[in-house]
Each structure stands twice: as C-alpha cells, then as structure tokens.
Amino acid sequence: MKNLLMTLVLVICCGAMAQTATPTEADYATAYKLFEVMNMEEQMQSNTKTVMDLQLSRNPQLAPYRQEMEVFMNKYISYGVLKKDIADIYLKNFTADDLKELTAFYLSPLGKKFLSKNQAITRESMQLGMTKVQANIAELQQMIMKKQGSTAK
C-alpha cells in the first residue's frame, strides 16, 4: 500500500511538472516559425480590420472614432504585443514536435491553399453569423424583455 501511494504521488508530481514546464527559447523559435509560415501577423491584422469594419457597419455612429479604435487595437491586441502570449498558448497545447508538423503542413500545397483561403472563409463566416443575429435580433430582444418582466416582479 505504501509503495502504491508513493507511486501515485510521484505520478501526480511528475505530471504536474510536465504540464508547467517553462518553454525554452528553442520552443519559442519553433512557435514563431509556425506563426511566420501561417502569416499570423497578416491574419491578425486582417481579422482586426474585419471585426472593426463589421462593428462600424453595425454602429455607424462610431465611424468618426475609427482612427482612435485602430490605435487602441494596435496598442493592446496587435501581433507584436500578443506574439509571445500566443506562443505560450500554442506551447501549452502542442509539443514542439507538434508545431514542427503543423509548420510542415502549412508549407505543403494543401496547407498553402488553406492559408490562402482561410481569411476569406473567416470573413464570410463572421458576416454570416452577424447576418443571422441581425435577422433574429427581435427574438433576442423579446427573450430579454420577458426575463426583465419576470425578474421585476
């Protein structure tokens, strides 16, 4: 029993240590190579622009503040600001070998095709979602009003 308990403690401790291992510079270099191959900086810029365009089309009263919104976004959610944090997320979820395999995929013809079409697919999907929400916004408003009516009592 004592040996079983000791083994269990060792397994738990080793598992916890493996999950909290600090990424090495080589791990970061592997992640950054993947990001480069994925054109992550360009994708993030494009996604930010798409989100902002959608927001401004839905809220035209914000249009005069576009430049300020862009400055704010670049200050807090640009690739340069988030690069290491995003690498940490990738390194928490994938091994360095996984990242190397992903890099190889994105360098393949199919991976390149995926990357070339992904921005348009993402943009179209976001627009579809916004269109569906807008088309059914009255239902959401009714649900909220119903809840407000039942909680006001």
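Which residues have the most contacts inside the largest nonpolar core? In this predicted model, they are Leu34, Phe35, Met38, Met40 and Tyr106.

**Close-up 1. The largest nonpolar core.** This core has 15 residues. Helix 2 gives the most, with 5 residues. In soluble globular proteins, nonpolar side chains tend to be buried together.

**Close-up 2. Surroundings of Leu34.** Leu34 is among the residues with the most contacts inside the core. When neighbours within four places in sequence are left aside, Leu34 is in contact with Tyr90, Leu99, Leu102, Thr103 and Tyr106.

**Close-up 3. Helix 3 and its packing partners.** The buried residues of helix 3 are Met40, Gln43, Met44, Thr48, Thr50, Met52, Leu54 and Leu56. They pack against helix 2, helix 4 (66–77), helix 5 and helix 7. The end C-alpha atoms of helix 3 are 27 Å apart, which agrees with the 27 Å that its 19 residues should span at 1.5 Å a residue.

**Close-up 4. The crossing of helix 6 and helix 7.** The axes of helix 6 (residues 96–107) and helix 7 (residues 109–135) come within 4 Å and cross at roughly 80 degrees. Angles of 65 to 115 degrees count as roughly perpendicular, so helix 6 is roughly perpendicular to helix 7. On the helix 6 side, the contact involves Phe105, Tyr106 and Leu107. On the helix 7 side, these meet Pro109, Leu110, Gly111, Lys112, Phe114 and Leu115. The residues of this contact divide into 7 nonpolar, 1 polar and 1 charged.

Key
Residues numbered from 1 in each chain as written. Predicted model: local features only at pLDDT ≥ 70, side-chain atom pairs only at ≥ 80, totals over all residues. Heavy atoms only, no water. Axes fitted to C-alpha atoms, helices over the stretch in contact; angles between N-to-C directions. Helix = DSSP H or I, 4+ residues; strand = E, 2+ residues; numbered from the N terminus. Parallel < 35°, antiparallel > 145°, perpendicular 65-115°, else oblique. Contact = heavy atoms within 4.5 Å. Nonpolar A, V, L, I, M, F, W, Y, C, P; charged D, E, K, R; others polar. Core = buried A, V, L, I, M, F, W, Y, C linked by side-chain atoms within 4.5 Å. Buried < 20%, exposed > 50% of the residue type's maximum accessible area, 1.4 Å probe, protein only. Expected span 1.5 Å × (residues − 1).
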